[in-house]
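Have a look at it first, and then we'll go through it piece by piece.

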Amino acid sequence: MTEKPFNYDYVGGYTLDEQAEAELIAAQNECTFMWSTKEGWPVGVIMSYIFEKGCFWLSVSSLRVRVQAVERDPRVSIAITSKGTSTLASRALTYKGTCEVFKDQATIDWFLPLLAKRLRGGDEEAQKLFVKLNDTPNRRVLKVTPVKRIGYDGQKMRKATEEAVAAGREIGPS
């Protein structure tokens with residue numbers, strides 16, 4: 001039996017393992033948050049996040065239409081890429097999930113300092129200012145609970161390519 005030519009049609013073997021997934025989530029602080037409009041159109045924006053208690057947590061004003069959209073339909077997605085991080089390989093994650101909207105002060109008081117610390121590092125004054133600017137009556141916290149994960153690890157793809165070339169495998173379409 002002849003081996004099929006090597007190509008990138010099937011990429012299922014290049015998924016992230018748990019350690020690489022955790023590293024990417026920790027290295028990145030922005031994601032693309034996606035939801036559906038009333039008309040069913042998928043839309044998304046870049047948002048900062050923290051990952052705590054197995055969920056993604058994001059901050060938004062209730063004046064943004066995405067709040068009403070996820071209250072209407074809590075099915076959302078989050079996409080994270082390694083671009084802009086110190087990660088060596090091209091890596092990406094997408095999560096399908098369900099979204100809850102929190103407006104209680106206890107959740108806001110828990111969340112905002114964590115997000116401020118993640119985004120403003122060791123600058124305590126900048127963290128305090130961040131919290132003060134965001135702690136408004138319109139502040140909402142979005143909690144995304146992952147339901148399904150899709151991961152990609154470019155390092156695995158690169159290694160497989162190098163091995164295929166080194167082994168003299170035919171490269172191209174099947």
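## Starting in helix α3

Let's begin with Asp 109, which sits in helix α3. Helices here are DSSP runs of H or I with at least four residues, strands are runs of E with at least two, and both are numbered from the N terminus. Asp 109 is partly exposed, with a relative accessible area of 44%. On this scale, buried means under 20% relative accessible area, exposed means over 50% and partly exposed falls in between, using a 1.4 Å probe and protein chains only. The C-alpha atoms of Asp 109 and Ser 61 are separated by 15 Å, and the two residues are 48 apart along the chain.

Thr 107 also belongs to helix α3. Is Thr 107 buried or exposed? Thr 107 is buried, at a relative accessible area of 13%. Leaving aside residues up to four places away in sequence, Thr 107 touches Trp 57, Phe 102 and Val 141, where contact means heavy atoms within 4.5 Å.

## What kind of model this is

This is a predicted model, where local features need pLDDT of at least 70, side-chain atom pairs count only at pLDDT 80 or more, and totals for chains, interfaces and linings use all residues. Residues are numbered from 1 along each chain as its sequence is written, and side-chain values use heavy atoms, with hydrogens and water left out.

## The sheet

Now for the strands. In what order do the 7 strands of the open sheet come? The order is β2-β1-β5-β6-β7-β4-β3, with antiparallel pairing; two strands pair if DSSP finds at least two bridges between them. β2 and β3 (50-52) stand at the edges with a single partner strand each, so one side of each has no neighbour in the sheet. From one strand to the next, the twist averages 35 degrees.

Going through the pairs, β1 and β5 are antiparallel over 3 bridges, and Thr 32 has Ala 79 in β5 as its bridge partner. β5 and β6 are joined by 7 bridges and run antiparallel, with Ser 77 opposite Lys 96 in β6. Between β6 and β7 there are 12 bridges, again antiparallel, and Cys 99 is partnered by Val 144 in β7.

How many of the 7 residues of β4 are buried? The count is 7 of 7, so β4 is mostly covered. Cys 55, Trp 57, Ser 59 and Ser 61 point one way from β4, while Phe 56, Leu 58 and Val 60 point the other way. To strand β7 (residues 139-153), β4 is joined by 6 bridges, and the two run antiparallel.

The hairpin of β3 and β4 has 2 residues between the strands. Lys 53 is found in that loop between β3 and β4, and its phi is near 55 degrees, a positive value in a residue other than glycine. Lys 53 is exposed, with a relative accessible area of 65%.

## The largest pocket

Rolling a probe the size of a water molecule over the atoms shows where empty space is left. A pocket here is an open set of points on a 1 Å grid over the protein atoms alone, where a 1.4 Å probe fits, with protein on both sides within 12 Å along at least five of seven lines; lining residues have an atom within 4 Å of a point. The largest pocket has a volume of about 200 Å³, a volume being the space filled by probe spheres set on the points, which are joined across faces, edges and corners.

Of its 13 lining residues, Met 47, Ser 59, Val 60, Asn 134 and Arg 139 are the closest to the centre of the largest pocket. Which elements each supply at least two residues of the lining? They are β2 (42-48), β4 (55-61), α3 (105-120) and α4 (124-134). By type, the lining divides into 6 nonpolar, 4 polar and 3 charged residues. Nonpolar covers Ala, Val, Leu, Ile, Met, Phe, Trp, Tyr, Cys and Pro, charged covers Asp, Glu, Lys and Arg, and the others, Gly among them, count as polar.

Technical notes:
Axes fitted to C-alpha atoms, helices over the stretch in contact; angles between N-to-C directions.
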